[in-house]
Amino acid sequence: MSDESYYSHLTQLGQHAEQPRHPEEAILERVPNMQADVDYCVRFTAPEFTSLCPLTGQPDFAHLVIDYVPDKWLVESKSLKLYLGSFRNHGAFHEDCTVAIARKIVDLLEPKWLRIGGYWYPRGGIPIDVFYQTGPMPEDVWIPDQGVASYRGRG
């Protein structure tokens with residue numbers, strides 16, 4: 001199979017793609033993991049993630065860190081960027097946004113392991129950090145600390 005045929009199903013990479021207005025409209029895509037015979041960690045960092053408070057409509061800001069150990073699939077990064085951007089006009093609480101992102105990635109990729117840290121900036125004076133992972137951290141894979149300081153050190 002040629003490299004081109006591995007990627008022929010992609011609808012966003014290498015072409016113009018509109019920013020989805022809501023997460024339900026976003027298309028998260030995957031590509032084959034050419035290194036599936038080895039366990040390794042993939043990290044995505046989104047330091048400027050935004051969503052809306054579902055009650056007030058005020059913007060909420062977070063620094064997201066997504067780590068996963070792939071199996072047969074990798075998330076295609078442009079589609080992930082567009083998916084994360086689709087939350088900009090979406091009203092949901094911090095916990096819902098963070099866990100929904102993790103679950104969508106897990107449903108698409110079926111990774112060996114995934115964790116997400118949602119480090120949310122304060123609203124009403126209280127930062128809310130949300131953490132989710134699919135199981136115990138793999139022992140044979142180097143997975144660094146997410147490197148996001150507690151709120152007092154952020155900013």
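Me: Leaving aside its neighbours within four places in sequence, which residues is His63 in contact with?

Reply: In this predicted model, His63 belongs to strand β3, residues 59-69, and beyond its sequence neighbours it touches Thr45, Ala46, Pro47, Gly117, Gly118, Tyr119, Tyr121 and Val148.

Me: Is His63 buried or exposed?

Reply: His63 has a relative accessibility of 17%, and because buried means under 20%, His63 counts as buried.

Me: How should I read the packing of helix α2 with helix α3, and at what angle do their axes cross?

Reply: Two packed helices are described by the angle between their axes and by the distance between those axes. Here the axes of α2 (residues 77-85) and α3 (residues 94-109) come within 12 Å and cross at roughly 150 degrees, which makes α2 roughly antiparallel to α3; the crossing is right-handed. Leu80, Tyr83 and Leu84 of α2 make the contact with Ala100, Ile101, Lys104 and Ile105 of α3, and these residues divide into 6 nonpolar, no polar and 1 charged.

Me: How many aromatic pairs does a search of the whole structure find, and why is the pair of Phe49 and Phe87 called tilted?

Reply: The search finds 4 aromatic pairs. The ring centres of Phe49 and Phe87 are 5.4 Å apart with their planes at 50 degrees, so this pair is tilted. The pair links distant parts of the chain, with Phe49 in strand β2 and Phe87 in the loop between α2 and α3, 38 residues apart. Phe87 also forms an edge-to-face pair with Tyr83, at 5.3 Å centre to centre and 80 degrees between the planes.

Me: Which residues do ring pairs link into a cluster?

Reply: The cluster consists of Phe49, Tyr83, Phe87 and Trp120; among them, Phe49 is buried at 3% relative accessible area, Phe87 at 2% and Tyr83 at 3%.

Definitions and conventions
Residues numbered from 1 in each chain as written. Predicted model: local features only at pLDDT ≥ 70, side-chain atom pairs only at ≥ 80, totals over all residues. Heavy atoms only, no water. Helix = DSSP H or I, 4+ residues; strand = E, 2+ residues; numbered from the N terminus. Buried < 20%, exposed > 50% of the residue type's maximum accessible area, 1.4 Å probe, protein only. Contact = heavy atoms within 4.5 Å. Axes fitted to C-alpha atoms, helices over the stretch in contact; angles between N-to-C directions. Parallel < 35°, antiparallel > 145°, perpendicular 65-115°, else oblique. Left-handed = near helix turned anticlockwise from the far one by under 90°. Nonpolar A, V, L, I, M, F, W, Y, C, P; charged D, E, K, R; others polar. Phe/Tyr/Trp six-rings, centres within 6.5 Å; stacked < 30°, edge-to-face > 60°.
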